[in-house]
Amino acid sequence: MKSATLHDFIEGIVRSDSNATALVVDGREISYSSLGTCVAQLVEQLRNVGIRPNDVVEITGFLGWKWIAAELAVWHVGAIALPLDSITAKSNQPVPVSYTH
């Protein structure tokens, strides 16, 4: 039996009950459908710029539930998420990151 991944779990819920609440952020309910759509769009963008499994992807500029969607998208393509807050990203301090291509 193949072990399921987190994105397999989310995709299964999107197919079976897309209006179910996936997240509640600042009192706002985000459905699995909305989360799944956002993740799918980000996955496409990551693949279009050449992100592959084991690449390291810096995540900046996302807030709230879209940050969660960005994390899920990076994991979906098999890459490694490196979340950076806006202060770190703008400080021009070196961040040790190894890219595979």
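These are numbered remarks on a predicted model of a protein chain.

1. Confidence comes first. The chain has an average pLDDT of 81, and 81% of its residues score at least 70.

2. The end of the numbering in point 1 leads to another stretch to read with care. Over residues 92-101, pLDDT stays under 50. For this stretch the model has 16 contacts beyond four places in sequence.

3. Which residues touch the most other members of the largest nonpolar core? They are L35, V39, L46 and V74, in a core of 24 residues. At least two residues of this core come from each of α1 (6-17), α2 (32-48), β3 (56-59) and α3 (65-76). The largest share, seven residues, is supplied by α2. As a general background, nonpolar side chains in soluble globular proteins tend to be buried together.

4. L46 deserves a look of its own, as one of the core residues named above. With its neighbours within four places in sequence left aside, L46 is in contact with I51, V57, A73, V74 and V77. One of these, V74, is also among the residues that touch the most other core members.

5. V57 leads on to the strands. Its bridge partner in β4 is A81. β3 and strand β4 (residues 80-83) pair over four bridges, in the parallel sense. Together with α3, these two strands make a β-α-β unit, and the unit is right-handed.

6. Helix α1 can be followed through H7, which lies in that helix. Not counting residues up to four places away in sequence, H7 touches W75 and H76. The C-alpha atoms of H7 and A73 are separated by 8.5 Å, although the two residues are 66 residues apart along the chain.

7. Phi of D26 is near 50°, a positive value in a residue other than glycine. D26 is found in the loop between β1 (21-25) and β2 (28-31). Is D26 buried or exposed? D26 counts as exposed because its relative accessibility is 82%, and the cut-off for exposed is over 50%.

8. N54 lies in the loop between α2 and β3.

Conventions. Residues are numbered from 1 along each chain as its sequence is written. This is a predicted model: local features need pLDDT of at least 70, side-chain atom pairs count only at pLDDT 80 or more; totals for chains, interfaces and linings use all residues. Side-chain values use heavy atoms; hydrogens and water are left out. A nonpolar core is a set of buried Ala, Val, Leu, Ile, Met, Phe, Trp, Tyr and Cys residues joined through side-chain atoms within 4.5 Å. Buried means under 20% relative accessible area, exposed over 50%, partly exposed in between (1.4 Å probe, protein chains only). Contact means heavy atoms within 4.5 Å. Two strands pair if DSSP finds at least two bridges between them. A crossover is right-handed if, with the strands pointing away from the viewer, the path from the first strand over the helix to the second runs clockwise. pLDDT is the predictor's confidence in each residue, from 0 to 100.
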